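Work through the exercises below with the sequence and the model open. Each task is followed by a stepwise solution.

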Amino acid sequence: MVQQSSRPLSGAFRRMFSSSRSHPNGLKESSHQPQIQPSQPKMAQPNQNATATGPAKLAAVTSLVEKLSEDLNSVSLLPQERDAALEQLKIYGREPQNADPIFTKEAVEMLTRHAFNSPSSTTSRNALRVLCNALLLKPETRQMFVNLGYEAKVCSKLKSDNRDDEFLVSRILFLTTYGTNTNLVDLIDKRHLADAINKNVERHAKRWTAANSTPITDPMDIMALSETMKLLFNVTHHCKDRISSFTPAIPHIVTMLRKGAFKSSKPLDLPISPLINALLNLDTGAKDVQSSLYPHDDPTALADRLIDMLTRSSKVYNNDELETTVTPLLGVIRAIYEYAPTDVKDFIRTKLLPKAADRTQVLGRSDSLPSWLLRNSTNAMTPQLRETISNLFFDMSDKDASTFVENVGYGFASGFLFSRGLPVPQNASEANAQGTATRPINPITGQFIDAEKQPEGPEMTEEEREREAERLFVLFERLNANGIISAENPMRTAVQEGRFEELPDDYESD
């Protein structure tokens with residue numbers, strides 16, 4: 001059984017690409033994760049007494065920690081007094097300045113005992129909120145928590161059919177996947193972590209697809225689902241040997257993606273994005289889930305839903321958002337395509353590969369989804385996105401270089417082929433790639449040749465062509481001399497091979 005020793009914050013989505021991610025404390029973490037804010041209570045109202053600042057705040061925090069610690073040794077507080085003290089501590093703990101006593105080993109143990117040993121659900125959740133904020137704001141407290149050995153009680157509490165408990169416990173577990181030696185294999189094998197997560201996913205699927213497709217508006221439902229999906233993503237990312245333990249969650253995730261009534265302003269707002277990211281790490285090739293991914297009555301349903309999200313996403317996200325938000329969606333589409341039956345693969349190709357209408361101009365210039373994908377396959381601002389798009393196009397071309405060039409044109413295919421050391425296919429120079437005998441296609445631009453704009457004005461005279469050739473010759477020589485390029489001058493090569501003929505001064509063109 002392998003322990004995770006101080007796991008570094010590694011790149012996400014290793015299944016397809018390398019990525020860095022923004023950690024809640026400014027470190028590197030998975031790019032798919034939304035920014036984590038200090039946990040907010042569902043019902044509690046801010047305590048107006050927790051307003052001290054500076055030394056007075058420090059004194060108040062110290063007093064609260066001591067009072068709550070003493071209460072564990074011998075009950076000295078009434079339930080409402082205990083909850084009020086935890087509420088004040090939570091408010092003070094949102095800003096770590098002058099709140100140092102909260103982040104000590106003793107305080108972490110005190111909060112953990114109140115959170116997991118208290119018979120009162122209210123006290124437990126109040127303590128969990130303070131603990132969540134502490135683990136978020138001070139990374140060193142995470143190992144302090146892990147060292148207490150509360151794994152069994154944490155996983156047991158995760159099984160609770162309560163959205164507040166699910167949110168708070170999932171966040172604590174999620175935070176301990178960074179910078180600690182928590183043993184995820186042990187949590188899965190002995191503490192049934194996977195079973196608890198799978199059950200929570202199942203509960204969400206039932207709620208989100210019930211009530212006649214009426215969108216759920218309770219923020220805690222959305223936050224709990226999002227936190228569960230984030231935890232699922234991190235556990236499967238750090239513990240790849242146990243990914244199969246989470247396969248039962250796939251049908252429920254697919255159900256929510258297909259039928260969930262989500263009220264959002266953008267297509268990948270919460271909780272859609274965490275659902276997509278969680279699915280990214282799971283084994284979509286498992287036999288047990290094929291009927292969920294490609295149901296017999298509507299095998300293209302999931303693919304159609306994902307492509308619809310992609311279409312809407314292409315219109316609302318800018319470069320800064322595309323890399324972290326849309327890349328995982330394309331990764332899931334690629335995974336769905338990989339194991340899809342032939343009719344589903346044909347459907348995806350029909351939706352994402354350039355159509356005849358796109359070829360009436362240079363590929364990538366129309367307003368269609370395939371053109372958007374082609375443009376972003378060379379987007380210098382989104383390296384992971386462009387890599388994923390190119391891989392998807394290559395997959396849809398049966399991983400064949402010739403078919404790839406036929407589908408996207410050599411202009412878009414060349415960089416991908418070069419980066420993988422694949423030779424230039426013969427059809428890259430043939431003007432009939434994927435065309436017909438009566439309507440050939442430019443292999444470089446992917447445009448129908450008969451739709452290309454012809455140059456206006458008279459053709460160049462022989463003298464003009466000769467001057468242009470001389471200009472290019474001189475330009476190549478200068479670039480080589482200045483070290484800007486290191487390549488054989490094609491004009492010199494042509495001369496050496498006898499492909500240029502010296503014309504007499506009295507030569508006249510026909």
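The model is predicted: local features need pLDDT of at least 70, side-chain atom pairs count only at pLDDT 80 or more, and totals for chains, interfaces and linings use all residues. Residues are numbered from 1 along each chain as its sequence is written, and side-chain values use heavy atoms, with hydrogens and water left out.

**Exercise 1. The chain as a whole**

Task: State how many helices and strands the protein chain has, and what percentage of its residues count as buried.

Solution. 
- Step 1. Take helices (H or I, at least four residues) and strands (E, at least two) as DSSP runs, numbered from the N terminus. The protein chain then has 22 helices and 0 strands.
- Step 2. Call a residue buried under 20% relative accessible area, exposed over 50% and partly exposed in between (1.4 Å probe, protein chains only). Of the 510 residues, 48% count as buried.
- Step 3. Let contact mean heavy atoms within 4.5 Å. Among contacts with a separation of 6 or more, 69% are between residues 24 or more positions apart.

**Exercise 2. The core**

Task: Find which residues have the most contacts inside the largest nonpolar core, and list what Leu352 touches.

Solution. 
- Step 1. A nonpolar core is a set of buried Ala, Val, Leu, Ile, Met, Phe, Trp, Tyr and Cys residues joined through side-chain atoms within 4.5 Å.
- Step 2. The largest such core has 120 residues, and those with the most contacts inside it are Leu89, Ile253, Leu306, Leu310 and Leu352.
- Step 3. Leaving out residues up to four places away in sequence, Leu352 touches Ile307, Leu310, Ile333, Leu369, Pro370, Leu373, Leu392, Phe393 and Met396.

**Exercise 3. Helix H19**

Task: Which residues of H19 are buried, and what covers them?

Solution. 
- Step 1. In H19 (residues 401-408), Ala401, Phe404, Val405, Asn407 and Val408 are buried. Down the axis they fall within an arc of 165 degrees, so they line one face of the helix.
- Step 2. Their cover includes helix H17 (369-376), helix H18 (383-396) and helix H20 (410-419).
- Step 3. At the start of H19, a side-chain oxygen of Asp400 comes to within 3.2 Å of the backbone nitrogen of Ser402. Just after H19, Gly409 has a positive phi of about 85 degrees.

**Exercise 4. Loop residues**

Task: Is Asp398 buried or exposed, and where is Pro271 found?

Solution. 
- Step 1. Asp398 is in the loop between H18 and H19. Its relative accessibility is 58%, so Asp398 counts as exposed. Although not a glycine, Asp398 has a positive phi of about 60 degrees.
- Step 2. Pro271 is in the loop between helix H11 (250-259) and helix H12 (272-281). The peptide bond from Leu270 to Pro271 is cis, with omega near 0 degrees.

How values were computed: The arc is that of the directions from the helix axis to the C-beta atoms. A polar contact is a pair of N or O atoms within 3.5 Å; within protein, one must be able to donate a hydrogen and the other to accept it, and residues adjacent in sequence count only if both atoms are side-chain atoms.
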